[in-house]
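Visitor: Could you take me for a close look at one residue, and then show me how other places compare with it?

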Amino acid sequence: MRFAGGHISKDGAHGRRRSRKFTRVASCLFALGALSFVSVAALADSGPVDGCVKGSEDEGFWKRLSDSYKKHLFPDEAPAAAAAAPDPNATPDATFDEEAAGHRKDLAAPPISNPPWPYATWNQGGTNALGYENMYSSALMDAIYCGPNGKAWKDSRFVIYGWIEPGANISTSNTNFNKLTGTGGNFPAAYAVQPDTVQLDQAALYFERTPDEIQRDHFDWGFRVAGIYGTDYKYTFSNGYLSYQYTEEERLYGFDPVMFYLDFYFPHFFEGENVRVGRYISIPDIEAQLAPNNITYTHSLLYTYDPFTQTGIVSTTMLSKNWKVQLELSGGQDISPTDKHFRQPTPAACITYTTDSGNDAFYPCMNGLNNQKFGYNNVQHAVATWYHKFNEHWHMDTEVWYMWEKDTPDALNPQGRAILAAMFPTPEYNIGAPDGAQCNNIALVYCTSHEYAAVNYVNYTYNPHNIFTFRTDWLNDASGQRTGFKGQFLEWDLGYTHWIGDVVELRPEARYEREISAPNHQITGYAYDNPCYAPAEAGVSTCSFTNHGQVLNYPQNGGKKSQAMLAMDAIFHF
């Protein structure tokens, strides 16, 4: 999603008060998560889990953590001992160990492996993978499990984990990103938006408990409280969730409580149901904002301009081993419940069909359908994804979507611009107002803005520590409302990931993108390297903006039609 200041949102004086209230709520949620772990740690001595070094419970935590990291960084990859021959007289149900396998006996094994891929089962948002083990494992948790109350920790299913992710890029674009226009730098690419720089993209911390959704005997519950700090916060927050950090204070680095929710598992409703209540990542999509959940460092244009998070309630029901259905009610796309002006009840519905083999999954969604009128990112999002595994080395992920908003003010019409200014007034919207449409007839005050996109990932597993991906990405911003540049874009990305143990990911990539049509370039200029958001003019070399009393000058070059980038991040898991 793109606004005049990048992926940002309203938050002036009233919004800031709402955000301050939310700060207290977020602090309480994180305190609750921490208290849960302290409570588990205070349990009576249960001893370490099986598999720990004898006497590990008597060692200090830092010694156990050091030993755990050595094992996770440099694992013993010698071939495992041959398993005992199965009893030929036993039935399959009698010999299948669901806990050891990590999935129900009537479901296919996970089609791929995590790591090295960011997922093991095909992505479905707003839920855990029903019928599969979802509990996170890490070097940190293994150090805790080998402590004096390790068994109690593991049996509780409470975990704490996170990562630190610095990133860097070298680009053919050479202007600075202009927060006032939301253009320039590496834009329309996002996240690594400032050319030729090194930055801390994300430092993440998670507290969570995952319900056991393999078993079908009893009700279970879970929760997640997760926050990120870094430059990526401005791409994840919803309107009213601490958004003043960017819209008012224009911080380069900020904090976002990106997820906080409760999970309730009902095993006897059909084949199992998960009900999630809170703030969560938008239910469709191959990609996700959280670095380890994404195949590459940078994101596709398709993902950059669709909704990111929702706050509401979503039910995921497994009707059979092949079919699932999702029903959701939220306050809208990227909206905090505190936003009384733009929030509105927004239902959504999805279905998933997975083949018996587990090698194919089809996931169509109507991700939000309400009054359809222009507002704060009130896009109606029709989307479908398809996952396919060819063999043990190759698989493919494909996604397409169509989005629209009705009664979008025409940004090229003086009356339309006045309406936009009235809807998003200063000082609440010094930066961060959504773009209007560039209607085909400039005499129109309003029109329906719409856009299309498609992305395909072709993925290759070389071995458990090295993977490759090739992304092809197309965006048709038919009304110019998402990027501010009406026209079509193509993007290609070749990515490589190398794992050091299961702790460190190194992800270099080469990316090229091109604006293949620009019908309004005489008004806006071309999309790339265009901080002025203007065409080139004879005799004019710079454009100037005033921000907080400071005059900012940018080269007025009219932009470029293409951009190439070499980028890389490193993810350090804990």
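Guide: Let's start with Glu250, which touches Lys179, Gln245, Ile431, Asn547 and His548, leaving aside residues up to four places away in sequence; contact means heavy atoms within 4.5 Å. This is a predicted model, where local features need pLDDT of at least 70 and side-chain atom pairs 80 or more, while totals for chains, interfaces and linings use all residues. Numbering runs from 1 along each chain as its sequence is written, and side-chain values use heavy atoms, without hydrogens and water.

Glu250 sits in the loop between helix 7 (244-247) and strand 4 (254-266); helices (H or I, at least four residues) and strands (E, at least two) are DSSP runs numbered from the N terminus. With a relative accessible area of 12%, Glu250 is buried (buried is under 20%, exposed over 50%, partly exposed in between, with a 1.4 Å probe and protein chains only).

Now meet another glutamate, Glu271, whose side chain joins Arg216 in a salt bridge at 3.3 Å, N to O (a Lys or Arg side-chain nitrogen within 4 Å of an Asp or Glu carboxyl oxygen). Glu271 is in the loop between strand 4 and strand 5 (273-281) and Arg216 in the loop between strand 2 and strand 3, so they tie together parts 55 residues apart in sequence. Glu271 is partly exposed at 25%, and Arg216 is partly exposed at 30%.

Glu491 also has a salt bridge, with Arg511 (3.6 Å, N to O). Glu491 belongs to strand 14 (residues 487-500) and Arg511 to strand 15 (residues 504-517), so this pair links parts 20 residues apart in sequence. Both Glu491 and Arg511 are buried. Shared partners connect Arg471, Glu491, Asp493, Arg511 and Glu513 into one salt-bridge network.
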